Amino acid sequence: MTCLVLRNSLLLLTLTTLAAAGCDPNPGEPQQPGSSGDTDDPPTDTADTEHDQTDTEHDQTDTDTDTMGEDIDEGLFACEMAPQCDIEYHLDPWDDPSTVECAASLVLSGESGLILGQYVPGPGTYEEQTLVFVNGDGTAVVQSRERSCPDECELDVQPWDPPSNTQECTLGGLEALADACEAGQSCQWWPWDNLTDCTDLAAPMCEELTM
């Protein structure tokens with residue numbers, strides 16, 4: 001009985017000593033790192049993040065809208081001059097013989113004039129236009145443009161791509177053409193494959209090309 005009292009007294013003395021030293025005799029579960037409410041990392045403001053993302057998307061939309069609405073320089077096509085000869089090339093340049101005969105007469109005449117070549121290979125997904133401003137001296141001022149679209153779109157409402165550089169070209173095949181026309185043979189001319197020695201040219205004003 002005396003030993004039991006002694007053990008209880010010793011246990012009480014031990015607990016009292018630990019308490020005085022600031023120790024917790026029953027610490028419980030260890031605290032996990034980061035579980036405390038106190039942290040060095042600042043809290044993330046979700047509302048500000050979403051607002052910044054919305055502003056970024058809005059700015060991108062404005063940029064895309066500005067690009068879509070940007071006017072494209074139409075080059076010599078803005079002159080809107082009526083051509084003397086309008087050639088449409090689908091399967092062959094001579095689909096309509098009268099148009100290539102018109103072009104042959106113009107390039108051999110020694111006079112100035114305008115030929116419009118339209119290349120439409122089909123089926124309605126690609127188109128190319130070529131302006132040939134004949135100078136009357138065996139050369140011409142030339143510029144082209146094109147447009148295309150997927151199979152299910154309307155080509156006629158598609159915008160044109162920016163035109164090519166303005167060039168000055170030599171009208172090819174004139175000597176052989178003159179001989180053929182004089183002999184009553186094939187008297188036809190078209191811009192495809194018949195423009196040679198082309199060099200870039202500073203774009204002239206529309207009034208300089210008045211025919």
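This is a predicted model: local features need pLDDT of at least 70, side-chain atom pairs count only at pLDDT 80 or more; totals for chains, interfaces and linings use all residues.
**View 1. The disulfides of the whole structure.** Searching the entire structure turns up 5 disulfides. With bonded cysteines counted along the chain, their pattern reads 1-10, 2-3, 4-5, 6-9, 7-8. The next views take a closer look at some of these bonds.

**View 2. The disulfide between cysteine 149 and cysteine 153.** Here the S to S distance is 1.9 Å. Cysteine 153, with a relative accessible area of 22%, is partly exposed.

**View 3. The disulfide between cysteine 169 and cysteine 198.** The sulfur atoms of this pair lie 2.0 Å apart. The bond is right-handed, because the torsion about the S-S bond is about 120°. This pair links distant parts of the chain, 29 residues apart: cysteine 169 sits in strand β5 (residues 167-171) and cysteine 198 in strand β6 (residues 195-200).

**View 4. The disulfide between cysteine 181 and cysteine 187.** In this pair the sulfur atoms are 1.9 Å apart. A torsion of about 90° about the S-S bond makes this disulfide right-handed. Cysteine 181 is partly exposed, with 22% relative accessibility, and cysteine 187 is partly exposed too, with a relative accessible area of 24%.

Notes: Residues are numbered from 1 along each chain as its sequence is written. Side-chain values use heavy atoms; hydrogens and water are left out. A disulfide is a pair of cysteine sulfur atoms within 2.5 Å. Buried means under 20% relative accessible area, exposed over 50%, partly exposed in between (1.4 Å probe, protein chains only). Helices (H or I, at least four residues) and strands (E, at least two) are DSSP runs, numbered from the N terminus.
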